[in-house]
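Here is a short report for a reader meeting this structure for the first time. Take a look at the sequence and the model, then read on.

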Amino acid sequence: MTDEVLRTENLARAFGGLQAVAGVSLSLYAGKVTALVGPNGAGKTTTFNLITGNLRADSGAAQIRGKPIMGLKPWQVARLGVARSFQDLRLFTHMTVRENVLAATETASWFWQPGGGAARRAREDRAARALEATGLAALAHARAVDLAYAERKFLSMARILAAEADIWLLDEPASGLDLASRLRFGELLRGATARGVAICLIEHNLDVVTELSDRIAFLDQGKVLAEGDPQTILRDPALAAIYFGDRPQEAA
Amino acid sequence: MIAYAANLATIVAIFGILAATLNFVVGFAGIFSVAHAVFFGLGAYAGAQVALHIVPDALLACVVAAVVAGGLSLCLALPALRVRGEYFVAASLGLQMMATTLFSEAKAFTGGIGGLVAIPRPTLFGMEVSVLPLALVALALILFATALLQRGAFGRTLQALRDAESAAEALGKNVAAAKTLAMLFACAGAGIAGALFALHLSFVNVESFTMDQSVLVMAMVIIGGTGTLWGPVIGAIILLSLPAGLAFVPFIPATEVGAVQQIIYGLAMTLLMIFRPAGLVGDLSKGRATA
Amino acid sequence: MLFLQLLLQGIQTGALYALTAAGFALIFGATRIFHFAHGTSFTLAGYAFLFCWNGGLPGWIGTLAGIAVAMLFGLAMERLVYRPIQRHEGSFFTVFVAAFGVAVVVQNLVGMVAGRGFASVDTRLSLATEVLPDVFLAPIFWIAIAVAVVLFAALSAFLTRTHAGVALRALAQNPDLLRAYGLSSNRLSMLAFAVGSAMAAPAAILTAMTTGLNEAIGHHVMLISMAATIVGGVGSLRGAALAGLMLGVAESVALQFVDTQWAEAVSFLVLFAFIIFRPSGFFGVAQTR
Ligand SMILES: Nc1ncnc2c1ncn2[C@@H]1O[C@H](COP(=O)(O)OP(=O)(O)OP(=O)(O)O)[C@@H](O)[C@H]1O
Ligand SMILES: [Mg+2]
């Protein structure tokens, strides 16, 4: 069995009367892509927010390699090796592409970073490699706001690459990408899993899911309805019905 | 004439420091403080008290001023950690208004409305010095720090949290610490400017530390160009030489010079915001400034 | 009886604060524009009334003139300053600085034209009589209360009964609708500015009759309106009005305990405390992050 690096147990969170996440238990494994699929509003993004500490969980627990992470601040979770992307990207809009990626390599909030000149050159190398891998090297000096849609998505990925985390939480990183971009995106993921990165991928396009994921967790109304290998999950007619919206009529 | 020029240069340098330090928080961290004059004032009073009651040593006065203003910067860091945008502007205005009242009332520390008078001439290592070289050195250091900020990691951190705070946090940046640190640095710098101001004029009162002053400094940063190296200094030069320039315009009655000056800088702020929001310098180094 | 006197005075001041603050809150809620020149509408309306009065015109003409001037100024700001800035993705701070610039310009122009320092109109309405032992009230107290009550009734009728009013309210409570509204948001924003600015005029005129105006009064009015809007909770007109009333009372009642110089600081202390401990205000619906 592969190594479990992140696990959540019965995470739950309500907004007012709405139970957005209702007991999600999920595991991520080194070198594996776990796709988190489910209809709009299923609670996928909220699950990410609970793991990263952007939202407080009402109940439940989560740990990274056995270390409990509930109650940690987002930056503390990040320093345990978690990198995430946002559905709305949240790029550093008025900074250049290169600065965006460099910023991802610098975590110290002090006036200077530790490690001196050697460490700085290492960070610059990392940033350069991330730009190379995402095909943004030629745009290094453009501002993030001035990028095209696909380029923005890749910049968001470049930040994650440069952050050198070994757990990636990706919130619809491939949505709206054209075929060529999607292939390049797939390469990025495969490169990462080869290095042992554990990836959780939120994605609506089932072709992308089939192609890229090793496991699927199916989320609906805040609950994991099924978990398993892509073939079994995607062939399940009940799940397909929920996913494509013809949910069986609930008792009034 | 030389005395006049030296005086103007000293004042420009002091306000250059003020504007450049405000630029740290406004131009990089996107924290729009309208309370910079509070820390200018704290530094001025602290420096003046040191000179009056201990020794008129310029270095000591500056250090004490920086410590007092930097320490109290927490008053502004606290709301900066809680709210952004309009709310923070409102909080800083609230702080400014409270501080103005405090400055006029805390007679033991500030001398009340009358202010502190007869502050002795500053010395440095026992020798009497004029404030101009000190102010220029301080300004040079601050500009050097700004240049580092523009290139270095800390500046990137501040800009990152300005553009997308949650994304910066998700990358492992302790946003609260970075904001507090930026605020501390900017306010301590304003404190130093205040100490130099007190030593230069040998007299200070609350008039110099009101909201109008905060807005003037803000206008310097904005008119020059936020986030730029030279913008704040150029803004300071322009706004401070306005009164001098207007004094030579014959058809303005002497009593109206102040009002005309204010009208000009008010108009300049509005028109710049409409037509050139990046400021005068901001346009030259495109991509840097973000008003 | 000093306390009662201060309380009544505070209610009078507070009623005027409430009117101005509601205007600011209406504009901010509906357009998300931090209309920092709102105090300038107040100044202009007050001085317009003053001019008419000193020119020997009847009070109602002055009142209409005041309202018209405030409205025109608000609309001009919307068209000539805010609209162009928003067209090039200007941040809130760009808006703030531009508005502030206008406020500075108008303040100094008014000072040059109308003279600096306090100016007021003398009417018999502001002559106080002893209504209780040691408690003095002027007719203007009742007028201020009546004006505030009538205007709030009119405003809430407008906001609940008319189509445009309901749309404005919807915008205030759910900023996301601003985008969904698309085409009509342009006209709604002009409407918000017209109505919101007009709300400042009655308060300005009553202030001219009581404590008097000076060219810098707009600053003070603006800061109070902003404080009331935030303390009340952005998006809530009722909150802003109540907070305005409360700030007026607090400033006045505080005089029992502290010297006059501290009165204004009391408002800002309240504001500051709210921002740190409860940034969403009394009735806050809007989030700050
Ligand atoms: N901060 C919040 N406050 C209130 N409700 C929220 C908040 N965040 C999410 N919700 C609600 O919780 C539910 C789950 O939202 P979530 O964003 O997790 O869905 P999702 O699975 O990511 O959907 P999508 O595919 O549309 O991104 C939704 O009904 C949403 O409206
Ligand atoms: Mg989502």
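This is a predicted model: local features need pLDDT of at least 70, side-chain atom pairs count only at pLDDT 80 or more; totals for chains, interfaces and linings use all residues.

Thr45(A) sits in helix H1 (residues 44–52) of chain A, while Gln87(A) sits in the loop between strand E6 (82–84) and helix H3 (97–105) of chain A, so the pair ties together parts that are 42 residues apart in sequence.

How accessible are the two residues? Thr45(A) is partly exposed, at 26% relative accessible area. Gln87(A) is also partly exposed, at 41%.

## Where chain B meets chain C

Here 43 residues of chain B contact 45 residues of chain C. The buried area is about 4000 Å², and carbon and sulfur atoms give 75% of it. On the chain B side, Arg82(B), Glu86(B) and Tyr87(B) lose the most area to chain C, together 18% of what that side buries.

Zero salt bridges are found across this interface. Four residue pairs are in polar contact there. Helices H4 (74–82), H5 (85–105), H11 (211–224) and H13 (257–275) of chain B each give two or more residues to the side that touches chain C. H5(B) gives the largest share, 14 residues.

## Transmembrane regions of chain C

An unreviewed UniProt entry lists transmembrane regions in chain C, among them residues 92–115 and 135–159. In the model, residues 92–115 of chain C are 96% helix and 0% strand, with end C-alpha atoms 33 Å apart. Residues 135–159 of chain C are 84% helix and 12% strand, and their end C-alpha atoms are 37 Å apart.

Key: Residues are numbered from 1 along each chain as its sequence is written. Chains are lettered from A and ligands numbered from 1 in the order in which they are written. Side-chain values use heavy atoms; hydrogens and water are left out. UniProt positions are given in the numbering used here, feature names are shortened, and annotations may be inferred rather than shown by experiment. Helices (H or I, at least four residues) and strands (E, at least two) are DSSP runs, numbered from the N terminus. Buried means under 20% relative accessible area, exposed over 50%, partly exposed in between (1.4 Å probe, protein chains only). Contact means heavy atoms within 4.5 Å. Buried area is the accessible area (1.4 Å probe) that two parts lose on being put together, summed over both. A salt bridge is a side-chain nitrogen of Lys or Arg within 4 Å of a carboxyl oxygen of Asp or Glu. A polar contact is a pair of N or O atoms within 3.5 Å; within protein, one must be able to donate a hydrogen and the other to accept it, and residues adjacent in sequence count only if both atoms are side-chain atoms.
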